[in-house]
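Subject: Structure handover, aromatic contacts

Hello,

Please find the structure below. Notes on its aromatic rings follow.

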Amino acid sequence: MTYISRELERKFLKLNDFFKVILVTGARQVGKTTMLKHLAEDGRTYVTMDNAMVRELAVSDPQLFFQTWKPPILIDEVQKAPELFEQIKIICDENDEKGLIWLTGSQQYEMIKNVRETLAGRIGILELYSLSAREKSGVIFDDDLDFSLTALQTRQRRLPKNDVIQVFQHICEGGMPQVQGIDDELRQEYFNSYIETYLMRDATEAGGITDAVRFRRFLTGCASLVSEQVNYTTLAESADIAPSTAKQWLRVLEGLHIVYLLMPFSNNALKRLSKTPKLYFCDTGLCAYLSMWLTPDTLRNGAASGHFYENYVVMELVKNYAYAKSKVNLTWFRDSNRKEIDVFIEENDVIHPLEIKKSASPDRREIKKYSVIDKASLNRGCGGIICMCEEPIPIDQDNCFIPGNLI
């Protein structure tokens, strides 16, 4: 299989020259190990904690483990042997060399807690998602995303025009490296196997979830709520469990990087109605499989196509900012008059408001809602409506119709 360059490589190599340890987290099968093996220089040892004998040594005798496999080293699925962290700390304190130890891990919460307690100041933590549409098309931009008309037009010159058939092909296929270019039948078998093996096993290990039948129903319930506010009662009913259990199970899925929860905007200046996050799937292909939209055509023409398009755009934004130089805060907004804005991007105290519409010519009046930001005396930057239009078109001096494939 041809290696697909990842946008995270730039940031990883930069952090590698600064920290002694780098941890790359992310869902199973998104390409963490492939990327690190691609970047590894000769002489870097590779070990995986999926190997029971290796894991046993790591757990029982971390010192002997590092005598057997000396740094520089790449340790896969490190969350399975948290006992290594203390020994990694000792190695870091005895050595000034940067980029000594590379780690990957999938089950976030417990691992991150362990890492923060043990390796504070010694470790850089990055997150890798499944392939973005940009990575699949082989176009990686050097500059950060900018919503001004000029910047969008510059991006447009490097990309083909927005194409709804291609977009829904990407949404249905998703970004897991192993499903790229395979047919619908094989993709369905892949996702079925992914749920039965990785997801079920990790859910048991990370969250003590042993009821496979109810957990599968819960996954399907989550897929049916995609791009909507989380409703624990509905999720609980879908799997015949208590709302408190639904809350716990959703937290496990978030920790496994299966779902992404977009938090509501919070600021005293803007009175908001909703305190509930919106639910998205980190990989649209898995969500389409769980929802039984099994081909790009049925998904594109189906009742949920708008929800899936919103999920696609939100996750492209999440991936973009996870790999970018600048840090932003991504939220959504809804006020007491039920005015809803799909995405707020807060960057350097400026809010960029974005609406998401599957249409190629959405109603330009949507941007009138953005005035709530001005009334609250917050700084509003360029924004617009992300949609299926073919090229950036100005709506007014601050907002554009933005082709979804430019994100």
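Predicted model: local features only at pLDDT ≥ 70, side-chain atom pairs only at ≥ 80, totals over all residues.

A charge is said to sit over a ring if NZ of Lys or CZ of Arg is within 6 Å of the ring centre and within 35 degrees of the ring normal. Lys278 meets this with Trp332, its charged end being 5.2 Å from the ring centre.

Residues are numbered from 1 along each chain as its sequence is written, and side-chain values use heavy atoms, with hydrogens and water left out.

There are 14 aromatic pairs in the structure (rings of Phe, Tyr and Trp, the last by its six-membered ring, with centres within 6.5 Å; planes under 30 degrees apart are stacked, over 60 edge-to-face, the rest tilted). One of them joins Phe12 and Trp102: the centres are 4.9 Å apart and the planes at 90°, so the pair is edge-to-face. Phe12 is in helix α1 (residues 8-16) and Trp102 in strand β4 (residues 101-105), so the pair ties together parts 90 residues apart in sequence (helices, H or I, of at least four residues and strands, E, of at least two are DSSP runs, numbered from the N terminus). Both Phe12 and Trp102 are buried (under 20% relative accessible area; exposed is over 50%, partly exposed in between; 1.4 Å probe, protein chains only).

Phe65 and Trp69 make a tilted pair, at 5.1 Å centre to centre and 50° between the planes. Phe65 counts as buried at 0% relative accessibility, and Trp69 as partly exposed at 21%.

Ring pairs also link Tyr190, Phe191, Tyr194, Tyr198 and Tyr289 into a cluster.

Regards
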